[in-house]
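These questions and answers go through one structure, shown here with its sequence.

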Amino acid sequence: LITITFIDIDFLIIPDTLSIQGIICGLLWTLLISNHSPDQGNWSILTQHFLASISGYLSYYLFSEFVMLIIRKPGLGIGDAKLAALSGSWLGFSGIEIVTVISVLMAGLFATIFLLSRKLKRGQYIPFGPFMSISILLVWLLGNDFWIRGLGTILWWRYI
């Protein structure tokens, strides 16, 4: 995540090799950890994380395509979609949801501050990967439950 952050800041790209290796490591970690889980079978947890990885990629990719249709500029890069897949492989469905919310909040705060201070120009691209990387690390360290309680009604769809 550190390497991805600095490469995205410098070049506005996230290398496929890092994302794909991260996805594979996440799935292997999930398989290893699931061997010690009394709740579900190994394959059930691995399948959930695999599907979360695919869902993360597809949702970010489709969002980017939707934004492209509306404003003729990409909303997110394909590297961000692959980073979402990495997030899903490590953190599962709830993790992607939380990472997305925290990343959007951080990026929005960053963009607002930098636009107001005129260090960022309207329409200028900002790398989203660093915000995702920080969010992935925070969710990994503190856990989904911590963030679900902490974010409360920001995750309004959970209460429907």
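Q: Is W157 buried, partly exposed or exposed?
A: The model is a predicted one. Buried means under 20% relative accessible area and exposed means over 50%. W157 has a relative accessibility of 35%, so the residue counts as partly exposed.

Q: Which class of aromatic pair do W156 and W157 form?
A: The ring centres of W156 and W157 are 5.4 Å apart, with 85 degrees between the planes. Planes over 60 degrees apart count as edge-to-face. The pair of W156 and W157 is therefore edge-to-face.

Q: Is W156 buried, partly exposed or exposed?
A: The cut-off for exposed is over 50% relative accessible area. W156 has 52%, so this residue is exposed.

Q: How many residues apart are W90 and W140, which form an aromatic pair?
A: The rings of W90 and W140 are edge-to-face, 5.2 Å centre to centre and with 90 degrees between the planes. W90 is in helix α4 and W140 in helix α5, and the pair links distant parts of the chain, 50 residues apart.

Q: Which residues do ring pairs link into a cluster?
A: The count of aromatic pairs comes to 8. One of these pairs is that of W90 and W140. Ring pairs link a cluster made up of W29, W90 and W140.

Q: With which residues is L151 in contact, leaving aside its neighbours within four places in sequence?
A: L151 is one of the core residues that touch the most other members. With those sequence neighbours left aside, its contacts are I98, V101, I102 and L105.

Q: What is the volume of the largest pocket?
A: The lining has 31 residues, and those closest to the pocket centre are P74, G75, L76, Y125 and I126. By class, the lining has 19 nonpolar, 7 polar and 5 charged residues. The largest share of the lining, 9 residues, comes from α4. The volume of this pocket is about 910 Å³.

Q: In which loop does R118 lie?
A: Most residues other than glycine have a negative phi. R118 has a positive phi, near 65 degrees. At 74% relative accessibility, R118 counts as exposed. R118 is placed in the loop between α4 and α5.

Note on methods:
Residues numbered from 1 in each chain as written. Predicted model: local features only at pLDDT ≥ 70, side-chain atom pairs only at ≥ 80, totals over all residues. Heavy atoms only, no water. 1 Å grid on protein atoms, 1.4 Å probe; cavity = no way out; pocket = protein on both sides within 12 Å on 5 of 7 lines; lining within 4 Å. Points joined across faces, edges and corners; volume = space filled by probe spheres on them. Helix = DSSP H or I, 4+ residues; strand = E, 2+ residues; numbered from the N terminus. Nonpolar A, V, L, I, M, F, W, Y, C, P; charged D, E, K, R; others polar. Core = buried A, V, L, I, M, F, W, Y, C linked by side-chain atoms within 4.5 Å. Buried < 20%, exposed > 50% of the residue type's maximum accessible area, 1.4 Å probe, protein only. Contact = heavy atoms within 4.5 Å. Phe/Tyr/Trp six-rings, centres within 6.5 Å; stacked < 30°, edge-to-face > 60°.
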